[in-house]
Amino acid sequence: MEPIEPQGHETIVQAQVAPQAADPPGYYPPQRRGRGGGLLLFFILILVIALGCSFLLNLALLANQTPSRPGRALQEEYIAHDKFQTGTDKVAIVSVNGAILGYEGYLKQQIDQASADEHVKAVVLRIDSPGGTVSASDYYYHHLSRLRTESNKPIVVSMGAIAASGGYYLSMAAGPNEKTVFAEPTTFTGSIGVVIPHYNFSGLLDQFGIEEDSVASHRLKTMGSLAREMTEEERAIFQQLVDEGFARFKAIIRANRPTFQDDGEALEKLATGQIFTAEQAKRAGLVDEIGFLEEAVDRAIELAGLDRNNVQVIRYKRTLGLGSLLLGANARGRAFDLAQMIDLSAPRPYYLATQLPLLVRSGD
């Protein structure tokens, strides 16, 4: 080191730095890896996953919107009795769950399969339903009654938590045979009656300045409109529709309940729309026995003259499609569209026990 001329009293020493050698030809120093490449790979991975999920979702929706093949057999699930499952005779449990609103759905498939299967000798109709539309309830009552009479297969009813209104209507498919309608100790049943729901939203519409301005061929074409109060003329017409449906309900009961065939006045006292407990219903003659599903099955075996040790008790299970497997058994893949809004707004009579507005639509 060479001393540098001091400034003041200090001596400053300057170091000599040797020059760095040049990089050899073809040599590229390593570069520091930044975060850009990792983030790019991450986003590509997310994009691939999203596209894959979108593909599966659309495939599932497409599968769900494809109608099931006519005559497609339901799966059978063994429930009780012949534990070795060698017996050829069967008692089939046909299940009615939830509101009775649709046609040609799961319930109809069960009825058709039980009717066509020559090994099914009797049916237990398991009902857990508050009812539904007048037409759907009568439709399924008709087909269940045909199963009993034309296929000569006795039907025994087993009521679950609720079998009211349209649910009770279906129980009449057991016919006039003795001890064919069973209710569990905690069952609610009855609610014999008809209702056409109507709601007056005119006060709410006034707040938003909305007026009904429909053009119709006749004043009654818009009867039941939610945008105004119902007129007395409209109310009388709707009441006539209700009364006719009500009369049919009572006629079905009289035809299938021996208690009321000769005592119409007793039925009139019960047909008020009231819900009854199982004990009350039995005392009134609306049901025959208080018991669980097992007792109903035993009665079906007895009526069909079967050997309880050589009979299989089965129930039907839905046949799941690809859409159901990917989205769940209850996935529908349907949007709330204009057709559904029109369906909901149509005046419709119900055999239904409910305290909620009837803003529902069939899933079957």
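Me: Which residues of α10 are buried?

Reply: This is a predicted model. Buried means under 20% relative accessible area. In α10, that describes L293, A296, V297, R299, A300 and I301.

Me: What do the buried residues of α10 pack against?

Reply: Look for strands. The partners are β3 (75-81), β4 (89-97), β5 (120-129), β7 (155-164), β8 (181-183) and β12 (311-317).

Me: How many residues does α10 have, and what does it reach from its first C-alpha to its last?

Reply: Compare the span with what is expected at 1.5 Å a residue. Helix α10 runs over residues 293-304, which is 12 residues. Its end-to-end reach is 17 Å, close to the expected 16 Å.

Me: Now the cores. Which residues touch the most other members in the largest nonpolar core?

Reply: The largest one here has 55 residues, and I192 and Y316 touch the most other members. Helix α3 (residues 134-150) gives the most to this core: 7 residues. There is also a second, separate core of 14 residues. Its members include V91, A122, L293 and V311.

Me: Leaving aside neighbours within four places in sequence, which residues is Y316 in contact with?

Reply: Contact means heavy atoms within 4.5 Å. Y316 has L74, Q75, E76, A92, I93, V94, Y106, Q110, Q113, A114 and V120 as such partners.

Me: Next, a loop residue. Where is the place of D288?

Reply: Find the elements on each side. D288 sits in the loop between α9 (278-284) and β11 (289-290).

Me: What does the side chain of D288 reach at 3.0 Å?

Reply: Think of N and O atom pairs. The D288 side chain reaches the backbone nitrogen of T180 at that distance. It also makes a polar contact with the side chain of R257, at 2.7 Å. Beyond its neighbours within four places in sequence, D288 is in contact with N177, E178, K179, T180, V181, R257 and K282.

Me: Finally, the whole chain. How many helices and strands are there?

Reply: The chain holds 12 helices and 13 strands. Of its 364 residues, 35% are buried. Sequence separation is another guide. Among contacts with a separation of 6 or more, 82% come from residues 24 or more positions apart. The chain exposes about 22,500 Å², with 54% of it supplied by carbon and sulfur atoms.

Methods. Residues are numbered from 1 along each chain as its sequence is written. This is a predicted model: local features need pLDDT of at least 70, side-chain atom pairs count only at pLDDT 80 or more; totals for chains, interfaces and linings use all residues. Side-chain values use heavy atoms; hydrogens and water are left out. Helices (H or I, at least four residues) and strands (E, at least two) are DSSP runs, numbered from the N terminus. A polar contact is a pair of N or O atoms within 3.5 Å; within protein, one must be able to donate a hydrogen and the other to accept it, and residues adjacent in sequence count only if both atoms are side-chain atoms. The expected span of a helix is 1.5 Å times one less than its number of residues. Buried means under 20% relative accessible area, exposed over 50%, partly exposed in between (1.4 Å probe, protein chains only). A nonpolar core is a set of buried Ala, Val, Leu, Ile, Met, Phe, Trp, Tyr and Cys residues joined through side-chain atoms within 4.5 Å. Accessible areas come from the Shrake-Rupley method with a 1.4 Å probe; for residues, only the protein chains shown count as cover.
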